[in-house]
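Here is a short briefing for a first look at a protein model. Keep the structure in view as you read.

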Amino acid sequence: MNQVDVFRALHQRRAPGDPLVLPGPWDAASARVLADAGHPALATPSAGVAASLGYADGATPAGEMFAAVARIARAVDVPVSADVEDGYGLAPKELVERLLEAGAVGCNLEDSAGGVLKDPRRHAEFLAEVRSSAGGELFVNARVDTFVHGDGDPERAIERAALYVAAGADCVYPILAPVEVLPLLRSGIQGPLNVLARLDGEGPSPAALGELGATRVTFGPGLQRRAAAALREIAAGLPRTVATGSLG
C-alpha cells in the first residue's frame with residue numbers, strides 16, 4: 001500500500017478505547033522524535049507550525065505553511081496529514097497539488113473563516129471538489145467549527161457533518177466539542193470521528209475519548225506549547241552574564 005492507503009487503513013476497525021493517536025509535529029526535528037517513538041502517522045497543527053515560524057495562529061502565509069509541511073514530511077517515513085486551515089483561498093485543484101507536492105497524505109479543512117462559520121452547503125461543494133481533484137490521494141478531515149464559532153448546538157454540528165460526509169470527507173472533526181456530547185455526535189455522524197485531546201491532565205485520556213466515540217485523537221498545538229513551556233523553564237535556570245565593564 002502507498003502512504004495514503006496506509007493512513008486510511010489506520011482509521012478503520014478501531015476498537016472502542018483504542019483510537020488512532022496522531023501527535024502534532026511543528027517542525028522536522030519534532031516530527032523525527034514522534035516517528036522514532038513509534039507513532040504510525042502524524043498530523044501537523046497549524047497553530048503549532050505558526051508559532052514555530054513566528055506567526056500568530058491563522059496568520060501564516062500559505063507558502064510558508066506548505067514549505068513547513070514539506071520539511072516535516074521529508075523528515076519521516078510515516079504518513080503526514082497537514083492542517084491547512086480553511087485552504088488559504090486556493091482553488092481546490094491548486095490546494096490539492098500543493099498538498100501532494102509537500103508530501104502530505106491528508107489535510108484538515110475548516111468550515112469557518114475569520115471567526116465566522118461558512119455556509120455548510122457551499123463548503124460541502126468545496127470539499128467535494130477537493131476530493132474530486134485528489135482522486136483518492138488525500139484523506140480529507142472536515143473540521144466542524146460549530147463549537148468554536150457557532151452556537152454549540154450538537155444537532156447543527158451533526159447536520160454539517162452529514163453534508164461533508166456526503167461530499168466525500170473521510171473524517172469529521174467537531175473541534176472543542178464538549179466531552180458530554182461526544183456520544184451524541186458519535187451516534188449521529190457516519191465514519192471516523194476526530195476528537196481533540198488536552199495535554200494538561202484536565203481532560204479525558206485518548207483511551208477514554210475512544211470509549212466515548214473518538215476514532216482518532218489529535219492534540220492541536222498542545223505538544224508545541226508544552227515544549228515551549230519546558231524550554232522557558234530551562235532558559236530561566238540558565239546562568240546569565242551581565243557585562244559590567246569593557247574588555248582589555
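Predicted model: local features only at pLDDT ≥ 70, side-chain atom pairs only at ≥ 80, totals over all residues.

Residues are numbered from 1 along each chain as its sequence is written, and side-chain values use heavy atoms, with hydrogens and water left out.

**Helices α3 and α4**
- The axes (lines fitted to C-alpha atoms over the stretch in contact, with angles from 0 to 180 degrees between N-to-C directions) of α3 (residues 46-53) and α4 (residues 62-75) come within 11 Å and cross at roughly 100°.
- The two helices are therefore roughly perpendicular, a term for angles of 65 to 115 degrees.
- Ser 46, Val 49 and Leu 53 of α3 meet Glu 64, Met 65, Ala 68 and Arg 71 of α4; contact means heavy atoms within 4.5 Å.

**The sheet**
- Three strands form an open sheet in the order β1-β10-β9, with parallel pairing; strands pair if DSSP finds at least two bridges between them.
- β1 (20-22) and β9 (194-196) stand at the edges with a single partner strand each, so one side of each has no neighbour in the sheet.
- β1 pairs with β10 (residues 216-218) over 3 bridges.
- Val 21 stands opposite Val 217 in β10.

**Ser 30**
- Ser 30 sits in helix α2 (residues 28-36).
- Ser 30 and Gln 224 are 194 residues apart in sequence and 8.7 Å apart in space, C-alpha to C-alpha.

Definitions and conventions
Helix = DSSP H or I, 4+ residues; strand = E, 2+ residues; numbered from the N terminus. Parallel < 35°, antiparallel > 145°, perpendicular 65-115°, else oblique.
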